[in-house]
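Colleague: I am new to this structure and would like to learn how to read it. Please take me through it one feature at a time.

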Protein chains: 2
Amino acid sequence: MHHLSDQSIDTIADILKLLGDKTRLTMVKIMSEHECCVCEFVDLFEMSQPAISQHLRKMKDKGLIKETRKGQWVFYSLNPNHPNYSFVQTVIQAVPSQQGKLNNLKAQGKRITCC
Amino acid sequence: MHHLSDQSIDTIADILKLLGDKTRLTMVKIMSEHECCVCEFVDLFEMSQPAISQHLRKMKDKGLIKETRKGQWVFYSLNPNHPNYSFVQTVIQAVPSQQGKLNNLKAQGKRITCC
DNA sequence: TGACCATATAAGTATTTGCTTATATTATGA
DNA sequence: TCATAATATAAGCAAATACTTATATGGTCA
């Protein structure tokens, strides 16, 4: 007797747990709109750099996001190869756009556009 | 300056946090398929009755589910009047059916069908 | 090479979470 | 009315979580 469906409800619960944190949910929404680097997140949230790194690591460990080095920065974005990528997208469609936050950053000249 | 979108991302994060627990996610999926009473959940999960009650209370407190007394039992079901009801439905569509668990209960004669 | 960024990791801590057992509440039915 | 069954609440606890500060790592560039 195997438990395919149990495995998959576990996976979904894991994803929802990751997204069930306001900081991570916002980060994921932002990443769904734009690639983003760690220091931008640090500027966006009133939170220390290690706290941001730890959130990103949790999501990367579960394969939800991927990283790309560009010069001295590490950019994070949604991982389109995640087995539940389309589910993740469905969920974050319900989240209001966070474009405004990025625009604020840009207005402050803090948006990183290295490439 | 107001933060309408912040309020709504909070709400969504709250819902996802509730659903990000395997027990609750399974319960919600079951409730989306059938009304269910507390003692059935107790039989379905290897967990004490208070633990089940506490999960249900959390979800009821957030308006995700509603209760109906029927005789000596309290039945719980999804609350279609929740402002994010359709979002919740979208999410749990991705969860595999838990009908099998209910069928097992029925086979054991433990399914409550009072009315 | 060496100083300086950006990022990651380590270690510690307060809070939250998800259970447990014990007890209260409430409805039913002999 | 009283015993019983179903459910809720209270209190306590171990584990998980989300942060903090301190420190390590690793790339860039003068």
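Colleague: How many residue pairs are in polar contact across the interface of chain A and chain B?

Modeller: A polar contact is a pair of N or O atoms within 3.5 Å; within protein, one must be able to donate a hydrogen and the other to accept it, and residues adjacent in sequence count only if both atoms are side-chain atoms. Across the interface of chain A and chain B the rule gives two such residue pairs, both at pLDDT 80 or more. This is a predicted model, where local features need pLDDT of at least 70 and side-chain atom pairs count only at pLDDT 80 or more, while totals for chains, interfaces and linings use all residues. Residues are numbered from 1 along each chain as its sequence is written, chains are lettered from A and ligands numbered from 1 in the order in which they are written, and side-chain values use heavy atoms, with hydrogens and water left out.

Colleague: How many salt bridges cross the interface of chain A and chain B?

Modeller: A salt bridge is a side-chain nitrogen of Lys or Arg within 4 Å of a carboxyl oxygen of Asp or Glu. Two are found across this interface. Lys22(A) pairs with Asp10(B) in a salt bridge, with the closest N and O atoms 3.1 Å apart.

Colleague: What relation do chain A and chain B have to each other?

Modeller: Copies are superposed by least squares on the C-alpha atoms of residues with pLDDT of at least 70 in both. Chain A can be laid on chain B by a turn of 180° and a shift of 0.0 Å along the axis, with an RMSD of 0.0 Å. That is the relation of a two-fold axis. The copies meet through the same surface, because 100% of the interface residues of chain A are also interface residues in chain B.

Colleague: What pattern does chain A follow along the sequence?

Modeller: Chain A has six helices and three strands, in the order α-α-β-α-α-β-β-α-α. Its C-alpha trace spans about 60 × 30 × 25 Å along the principal axes.

Colleague: Where in chain A are the two residues of the salt bridge between Arg111(A) and Glu40(A)?

Modeller: Arg111(A) lies in the segment after helix 6 (99-107) and Glu40(A) in helix 3 (residues 38-44), 71 residues apart. The closest N and O atoms of this salt bridge are 2.5 Å apart.

Colleague: Is Glu40(A) buried or exposed?

Modeller: Buried means under 20% relative accessible area, exposed over 50%, partly exposed in between (1.4 Å probe, protein chains only). Glu40(A) is buried, at 0%, and Arg111(A) is buried too, at 18%. Of the 115 residues of chain A, 43% count as buried.

Colleague: Where does His82(A) lie?

Modeller: His82(A) is in the loop between strand 3 (73-78) and helix 5 (85-93) of chain A. The residue is buried, with a relative accessible area of 10%. Beyond its neighbours within four places in sequence, His82(A) is in contact with Ile15(A), Lys62(A), Gly63(A) and Leu64(A).

Methods:
Helix = DSSP H or I, 4+ residues; strand = E, 2+ residues; numbered from the N terminus. Contact = heavy atoms within 4.5 Å.
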